Amino acid sequence: MEMIIPQHVAIIVDGNGRWAKSKGMPRNYGHVRGAKNLERICEDAWDIGIKYLTVYLFSTENWKRSQEEVGALMQLFHRYAKTSLKTARDNNMRVRLLGDPSAFDEELQRSLQELVDSSKNNTGLNFQIALNYGSRDEITRAVRRIGEECREGLLSPQSITEQTIADHLDTAGIPDPDLLIRTSGEQRLSNYLMWQLAYTEFYFTTVPWPAFTKDDLMKAIETFNHRDRRFGGIKKEDE
Ligand code: IPE
Ligand code: IPE
Ligand code: MG
């Protein structure tokens, strides 16, 4: 039987800290290696035939971590935004941001915007990075904008559909994920893509993010292939 490759894979890249600790290293070492692994997995995903990859890099709750760790992560994002500029160009990747970047310092906001703008016509992997992202925050911001549009008379409350809401989310125009992967053993969503994951298959692995390889990605896809995918009633292949 031929393997079905999910069009859109979302990943909660978890376990950087624990992975580093297991090596007797500081948490930040795990974040650095985790960031490196992101570059690799983008190439692997594209090789495999995945068209959209969405990764969770910093949640709206992650500000509650120690000042030291948040500071180190911000530094890492600065560097990551710069190197990604080049990898996006080399690999023809289109990068989009999910989340609210307004909480970041201006320089980081600028380089993230540059990354998005400079890659917007690329036709390779669609790579979404969720930074200062939380599903509840995303939905709240969407509702606010819908409210504004109603007040301005551009929209009437009666005409609001599921599509209206989807169109106001940060993922507007991006198909829903087919497969969600969470690394490092935890089995929760941690405020990730709650609207978008309504019919997504979930795959949990104990492998920590910095150690997650192309083989691990293939294993997740194989498992996905053995699931009986149902969309609220009938199996897709019965349609
Ligand atoms: C995921 O790794 C990366 C971020 C949330 C920034 P963690 O930092 O959550 O690592 P663990 O889960 O504590 O091991
Ligand atoms: C989820 O991981 C957020 C990211 C991977 C960015 P966390 O490690 O922050 O989530 P919890 O705290 O275990 O739920
Ligand atoms: Mg974690």
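Q: How far does a polar side-chain atom of Ser190 lie from an oxygen atom of ligand 2?
A: The model is predicted: local features need pLDDT of at least 70 and side-chain atom pairs pLDDT 80 or more, while totals for chains, interfaces and linings use all residues, and side-chain values use heavy atoms, without hydrogens and water. Residues count from 1 along each chain as its sequence is written; chains are lettered from A and ligands numbered from 1 in the order written. Between the polar side-chain atom of Ser190 and the oxygen atom of ligand 2, a polar contact (N or O atoms within 3.5 Å), the distance is 2.6 Å.

Q: How much of the accessible area of ligand 2 does the protein cover?
A: On its own, ligand 2 has 390 Å² of accessible area (Shrake-Rupley, 1.4 Å probe). Of this area, the protein covers 79%.

Q: Which arginine has a polar side-chain atom 2.7 Å from an oxygen atom of ligand 2?
A: The residues surrounding ligand 2 (a heavy atom within 4 Å) include Arg65, Arg182 and Arg188. For Arg65, a polar side-chain atom lies 3.1 Å from an oxygen atom of the ligand. The 2.7 Å distance belongs to Arg188.

Q: Which strand gives the most to the shell around ligand 2?
A: The shell has 5 nonpolar, 3 polar (Gly counts here) and 4 charged residues. Among its members are Tyr56, Leu57, Phe58 and Ser59. The strand (a DSSP run of E, at least two residues) that gives the most, with 4 residues, spans 52-59 and is β2.

Q: How far does a backbone N or O atom of Gly17 lie from an oxygen atom of ligand 1?
A: Backbone atoms of several residues approach oxygen atoms of ligand 1. A polar backbone atom of Gly15 is at 3.4 Å, and a backbone N or O atom of Asn16 is at 3.2 Å. For Gly17, the distance is 2.9 Å.

Q: How much of the accessible area of ligand 1 does the protein cover?
A: Ligand 1 has 370 Å² of accessible area on its own.

Q: Which element gives the largest share of the shell around ligand 1?
A: The shell around ligand 1 has 3 nonpolar, 5 polar and 5 charged residues. Of its 13 residues, Asp14, Gly17, Arg18, Arg27 and Arg65 come nearest. The largest share, 3 residues, comes from a helix (a DSSP run of H or I, at least four residues), namely α1.

Q: Which element gives the largest share of the lining of the largest pocket?
A: The lining holds 27 residues, and Val13, Asp14, Leu57, Asn62 and Arg65 lie nearest the pocket's centre. By class, these lining residues are 12 nonpolar, 8 polar and 7 charged. At least two residues each come from α1, α2, β2 and α3. The largest share, 5 residues, comes from α2.

Conventions:
A polar contact is a pair of N or O atoms within 3.5 Å; within protein, one must be able to donate a hydrogen and the other to accept it, and residues adjacent in sequence count only if both atoms are side-chain atoms. On a 1 Å grid over the protein atoms alone, a cavity is a set of points where a 1.4 Å probe fits but cannot get out, and a pocket is an open set with protein on both sides within 12 Å along at least five of seven lines; lining residues have an atom within 4 Å of a point.
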